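Morning, everyone. Please have the viewer open.

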Amino acid sequence: MKLEEIQSEWENDTVIDRTELGEESIKIPKLHSKYYKWYSRERLHLVGLQEELKTLKKDKYDYYSGVLDRDELDDRGWEPIQLRILKSDLSMHIDSDKDIVKHNLKIAYSKEKVEFVEAIIKTLNIRSYQINNAIQWEKFKVGT
């Protein structure tokens, strides 16, 4: 699921009907369940991406070290490296590699989704207090 879709869904779910505060209170567990499922799924996806990055970094280390044979290079679609890279420079080349950068951006996007859904869940955890405050305010307005 895209971040924009989650944001749009949350924008719809944040609306509280002030004339039906009791019904809104009853919706909280359902909303919590919905977003917690998304949170779990997105968090597991993030862990998968982080694990893939470890493997990719190892492959790139082997690539820049020059230890991959022609078949391994062909399997990955990589061209043989033409220059010798000093061991001290390997991390710089690996960190700036386009495949690593692309994967890091995927991880950052996934982290953003996880953090956003986590913030939604925190908001839902206090929603009953917000609804209760609205009820108390309505009572105050009518003098009860």
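Helix 5 covers residues 98-125, 28 residues in total. From first C-alpha to last, helix 5 reaches 41 Å, close to the 40 Å expected at 1.5 Å a residue. That expected span is 1.5 Å times one less than the number of residues. Helices here are DSSP runs of H or I, at least four residues, numbered from the N terminus.

Some ground rules. This is a predicted model: local features need pLDDT of at least 70, side-chain atom pairs need 80 or more, and totals for chains, interfaces and linings use all residues. Numbering runs from 1 along each chain as its sequence is written, and side-chain values use heavy atoms, without hydrogens or water.

Back to helix 5. Its buried residues include Ile-100, His-103, Lys-113 and Leu-124. Buried means under 20% relative accessible area, with a 1.4 Å probe and protein chains only. What covers the buried residues of helix 5? The cover includes helix 1, helix 2, helix 4 and helix 6. At the start of helix 5, a side-chain oxygen of Asp-97 comes within 2.9 Å of the backbone nitrogen of Asp-99.

Now the rings. The whole structure has six aromatic pairs (Phe, Tyr or Trp six-membered ring centres within 6.5 Å; edge-to-face is over 60 degrees between planes). One of them is Trp-10 with Tyr-35, edge-to-face, 5.5 Å between centres and 85 degrees between planes. Trp-10 is in helix 1 and Tyr-35 in helix 2, 25 residues apart. Both are buried. Trp-10, Tyr-35 and Trp-38 form one aromatic cluster.

Technical notes. Helices (H or I, at least four residues) and strands (E, at least two) are DSSP runs, numbered from the N terminus. Buried means under 20% relative accessible area, exposed over 50%, partly exposed in between (1.4 Å probe, protein chains only). Contact means heavy atoms within 4.5 Å. A polar contact is a pair of N or O atoms within 3.5 Å; within protein, one must be able to donate a hydrogen and the other to accept it, and residues adjacent in sequence count only if both atoms are side-chain atoms. Rings of Phe, Tyr and Trp (its six-membered ring) pair if their centres lie within 6.5 Å; planes under 30 degrees apart count as stacked, over 60 as edge-to-face and the rest as tilted.
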